[in-house]
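Here is a short briefing to read with the structure open beside you. Take the topics one at a time and find each part as you go.

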Amino acid sequence: MQTVRTASPEVQAQGPAPQPARSLPGPARQNGRWAGYGHLLLARMRELRREPEVIFWVFIFPLLLALGLGIAFRNKPADVAPVAIVSGPGAQRALALLQAAPQHAAIHAEVLSDAQALKGFRLGKYALVIEPRADGSFQYRYDPARPESVLAQDQIDDALQTAAGRHNPLATSSRISSEPGARYIDFLIPGLLGMNVMNAAMWGIGFALVEMRQRKLLKRYLATPMRRSDFLLALTSSRLVLMLIEVGLLLGFGVLVFHMRVLGSVAAILLVGTVGALCFAGVGLLTACRAEKIESVSGLINLVMLPMWVFSGVFFSYERFPAAVQPFIKALPLTALNDALRATILEGAPLTAQGGRILIMAIWGVISFALALKWFRWV
Amino acid sequence: MMAAAIECRGLRKTYDGKVEAVRGLDLEIQAGECFGLLGPNGAGKTTTIEILEGLLAPTAGQVTILGRTWQAHQRELRELLGISLQETRFSEKLSVRETLELFASFYRRPRPAGDVMQELELTEKAESWVGKLSGGQKQRLAVATALVGNPQILFLDEPTTGLDPQSRRQLWEIVRAFQRGGGTVLLTTHYMDEAQRLCDRIAIVDHGQIIALGTPAQLISRLGGHHVVEFATSGNDGAHQKELWRALPGVDSVHEDDGMLLLNVREPHQTIPALLAAVESQGSQLVHLTTRQASLEDVFVHLTGRHLRED
């Protein structure tokens, strides 16, 4: 161990002769202001890249979700309406009329006993039951809470009346129009993007921070001249880098697989994504600012995210919720992000029209960051 | 006169207003010294070293490091100190080199990571992930992250706890090499052999206070004798006859430990024949007799009546 303070051969190439480490401030490497930040960001990106779970949850999972839901809810041609006709006098007449109607291809009718027809209707096998009456009229049994039942009632009535000789006083015609942009997958992909930005920021920052705290790594960093702001900045920047990749992947996937049409500019989409990622970085930081155990922060993260998964219009429009709660829903950061992404991607809305949404995200982000820094526990 | 490398006065730390971890502690550690805080678990060693490291605020007392205070020169001091905490788990998916380069990037004038790896015999593991290192290698990496900033003072909190003998000796060499280069070292340990072999001076800490301070040799000589004669007799127990044993030639003090009688002795060759004669005259027999050099463990037992490690 006599030579412990000499340089290794590969390092000698960089500097002059081996020298005692703490001697004169020779031509030793000198770090600039941003060396720490750069290395922290690099280390974070390396760690993420080497974590297969991260790759799956951040990149693969949203694509699988988009693929699965996109296929399950793809726009299909209108279904054939299944109807049951209660047997008895008049049943054959109803059947004959339906078969003679111009819409007969979209109707499937069966003659059954009263009990069987009702049972099938209850189980959802039939959308409508036709009950021929003694006076020769027909009675429809339908369920106003079942959309397909309501539709079938209109459709069957139309078919029966037309077949029986009704004349429409007004000439109308229809043209089929199912454009990309109005489909479920078009609604879904920006929602998944928003959700992913939230998930990844909450886990990538909140969880990662608490893990480092638990490992005493935060304390170890604190024992160096590292600037705390550099550390938080690097953690946040790593989120932005991942966000760029996520946006590219999901939109690319939508365009290639589902022929989605992206109307907004890439710059506008990325700007909205950046504001969203920064906002949730703040929320993630706040969620993790005190927790000492990863178990406790996991619960907190889910508690913060769950309401937004439900209310913020990821999988379905929040317009379905009562009007009274709409203002609260719109004040949630994920609602603002999803709305802004949808308007930008699907409608090509200019950023100037998104001021309110961007403001909501900015307020959440700034307040969260401020509180997180105030309450942050390093050791 | 030059200011001490590390100085603290009247250090106190109370947790939650009740638990007193440190109860009035004064220290003065000179530049170039290797100083050890020796004490059992829970004695307040870690609290003390973390206050000196500027990671914990004391409830009362002053700390001066290289003539600077934490309040006024935080960032400057961070550049001058290398710290290894009791237990840090570095990112498992970064390599040794990446970890060292990360830590080097925080300092204005770090040492090349390659140098530090070679010095700590980590070069072979440079590209291995931290998660794949052995306990000894991880501990060397922890010390390497402290050395890469080119510090003037090295703080090591329990650097060899849980390591095998070979890894411990390796770390001792690293500490000595740092000291040879002019560095100052403050370490905590509950291994008396570590303190004895490695440290120039030692403070024995118990219940948050320093109960003895000096070089290992001074502390041991304070026992009176440098040798310990340990024995047990059959028949009537010798404990009641402490005065008898105390009166034997060359005996400085007597105490009982776990059924054995321990004599601190200056001249074993005078004491032992007298001891044998005394045992025989009582009509009992020796069932155990050893002599050894007195150690810091004996000092601690002498001062507190307890052992450093109760395992």
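Two strands pair if DSSP finds at least two bridges between them. Strands here are DSSP runs of E with at least two residues, helices are runs of H or I with at least four residues, and both are numbered from the N terminus. This is a predicted model, in which local features need pLDDT of at least 70 and side-chain atom pairs count only at pLDDT 80 or more, while totals for chains, interfaces and linings use all residues. Residues are numbered from 1 along each chain as its sequence is written, and chains are lettered from A, with ligands numbered from 1, in the order in which they are written.

**The sheet in chain B**

- Strands β6 (residues 153-157) and β7 (residues 184-189) of chain B pair in the parallel sense, over five bridges.
- Within that neighbourhood, B:L154 has B:V185 in β7(B) as its bridge partner.
- Six strands of chain B make up an open sheet with mixed pairing, in the order β5-β6-β7-β3-β8-β9.
- Its edge strands, β5 (81-84) and β9 (209-214) of chain B, each pair on one side only.
- On average, neighbouring strands of this sheet are turned by 15 degrees against each other, direction ignored.
- Helix α11 (residues 296-304) of chain B packs on the sheet, where it touches β3 (34-38), β8 (201-206) and β9 of chain B. Residues are in contact if their C-beta atoms, placed from the backbone, lie within 7 Å.
- The direction of α11 makes about 35 degrees with that of β8(B); axes are lines fitted to C-alpha atoms, for helices over the stretch in contact, and angles run from 0 to 180 degrees between N-to-C directions.

**A glycine to look up**

- You can find B:G44 in the loop between β3 and α1 (45-52) of chain B.
- Is B:G44 buried or exposed? B:G44 counts as buried because it has 24 C-beta neighbours inside 10 Å (buried means 20 or more other C-beta atoms within 10 Å, exposed 12 or fewer, partly exposed in between, with C-beta atoms placed from the backbone).
- Leaving out residues up to four places away in sequence, B:G44 touches B:A21, B:V22, B:V205 and B:G208.

**Where chains A and B meet**

- The contact takes 36 residues from chain A and 38 residues from chain B.
- On the side of chain A that touches chain B, the largest share, eight residues, comes from α2(A).

**Domains of chain A**

- Chain A is divided into domain 1 (81-163) and domain 2 (180-375), with bounds from an automatic or database domain assignment.
- The C-alpha centres of these two domains lie 50 Å apart.

Terms used:
Two residues are in contact if their C-beta atoms, placed from the backbone, lie within 7 Å.
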